[in-house]
Each structure stands twice: as C-alpha cells, then as structure tokens.
Amino acid sequence: MQWIINGLVREADIDFRTSLLDLLREHLELTGTKKGCNQGACGACTVLVDGERINACLALAVQYQDRSITTVEGLGHDDELHPVQQAFVEHDGFQCGYCTPGQLCSAVGMAGELKRGMPSAVTVDLVNTDIVPSHDELRERMSGNLCRCGAYNGIAAAIASTLA
Ligand code: FES
C-alpha cells in the first residue's frame with residue numbers, strides 16, 4: 001500500500017486495522033505526530049489531509065491512500081520554518097512541546113477553514129465571518145487541541161499573529 005506524505009510517495013505493508021497515526025509513527029518513522037489519548041480527545045495526533053485537519057488516531061490508514069497527507073515534518077521547507085512554527089517560537093507557544101506538532105497542524109488547517117469561510121460554534125450566528133477571528137473564536141476553533149502545560153495564551157498569540 002502507498003500514501004502521499006509530505007509530498008513523497010511512501011509505502012508500507014500494514015494490517016487493515018492500522019490507524020493513520022500508527023502508520024506514521026510505527027511504520028514510516030514520522031514520529032513528529034504524537035500519540036496522546038489515542039481516542040480523539042486531545043489533538044496531539046492532528047495531521048492535514050488535503051489541507052483539512054484530522055485526528056490521525058481515529059483514521060484508518062487504508063482510507064487515506066492517494067490523499068495528500070501533511071505532518072509536522074512537512075510544514076516547513078528546506079531549512080525554513082513554516083510561518084506558524086516561527087510564530088510559536090516568537091510567542092512562546094509551547095512549554096513541554098508534546099502537543100506542539102498537533103497544535104501547529106491544527107493552526108494551519110484552521111487558517112484554511114477561515115479562508116473558506118467555514119463557521120465555528122462562536123461565529124455560526126454571525127452574518128459576516130471575519131478572516132481574523134476574535135480571541136474567543138480562535139480558542140474555540142483550537143479547542144480540539146489540548147495543552148497539559150496550559151500554554152494557551154502563547155499558542156493563541158502565536159496563531160493570531162499569523163492571521164493578522
Ligand atoms: Fe489522537 Fe489524542 S492521540 S486525539
């Protein structure tokens with residue numbers, strides 16, 4: 001079986017029950033994506049599929065063949081950090097760093113949702129959805145990504161700085 005991950009075709013022989021998260025970590029050595037709860041509650045395993053964020057622990061790898069998968073390893077280019085990664089550095093958007101790969105992928109996916117005008121629970125009743133979300137909306141949109149260190153202020157400031 002094969003997948004397109006970070007722009008490269010990757011192959012692995014896996015059991016059909018293998019999650020996308022385990023494919024990445026256990027079979028392809030892409031260990032940037034983290035396993036936290038392994039049941040869709042923490043967001044540590046967030047990756048992008050065709051630009052949309054998903055929890056890799058809840059996804060069967062076989063369902064994502066021939067889709068474009070991006071992990072944290074694929075966000076930057078060459079020696080350059082992705083703008084969201086750079087913003088996390090500049091705004092102290094992490095403490096221990098375990099949740100950071102998921103936060104980064106989720107932030108990139110969220111930016112795409114904003115560009116497409118996808119409403120959140122906070123904005124759903126608003127007539128005009130602004131591409132730059134309020135602090136509350138940003139926190140709501142990122143609520144699927146938990147940070148046990150509580151570095152939420154830095155995370156929100158980092159993401160907001162990339163959307164301004
Ligand atoms: Fe997937 Fe927690 S490890 S959501």
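Student: Hi! How many helices and strands does the protein chain have?
Tutor: Hello! In this predicted model, the protein chain has five helices and five strands.

Student: And in what order do the elements run from the N terminus on?
Tutor: The order is β-β-α-β-β-β-α-α-α-α.

Student: What share of the residues counts as buried?
Tutor: That would be 37% of the 164 residues.

Student: Let's switch to the strands. How do strand 1 and strand 2 run, parallel or antiparallel?
Tutor: They run antiparallel, with four bridges joining strand 1 (residues 2-5) to strand 2 (residues 8-11).

Student: What do strand 1 and strand 2 form, and what sits in the turn?
Tutor: They form a hairpin with two residues between them. N6 is in the turn and has a positive phi of about 55 degrees.

Student: New topic: where is H77?
Tutor: Look in the loop between strand 5 (68-70) and helix 2 (83-90).

Student: Is H77 buried or exposed, and why?
Tutor: H77 is exposed, because 9 other C-beta atoms lie within 10 Å, and a residue counts as exposed at 12 or fewer.

Student: What separates the C-alpha atoms of H77 and Q65?
Tutor: A distance of 23 Å, for two residues that are 12 residues apart along the chain.

Terms used. Residues numbered from 1 in each chain as written. Predicted model: local features only at pLDDT ≥ 70, side-chain atom pairs only at ≥ 80, totals over all residues. Buried ≥ 20, exposed ≤ 12 C-beta atoms within 10 Å, placed from the backbone. Pairing = 2+ DSSP bridges.
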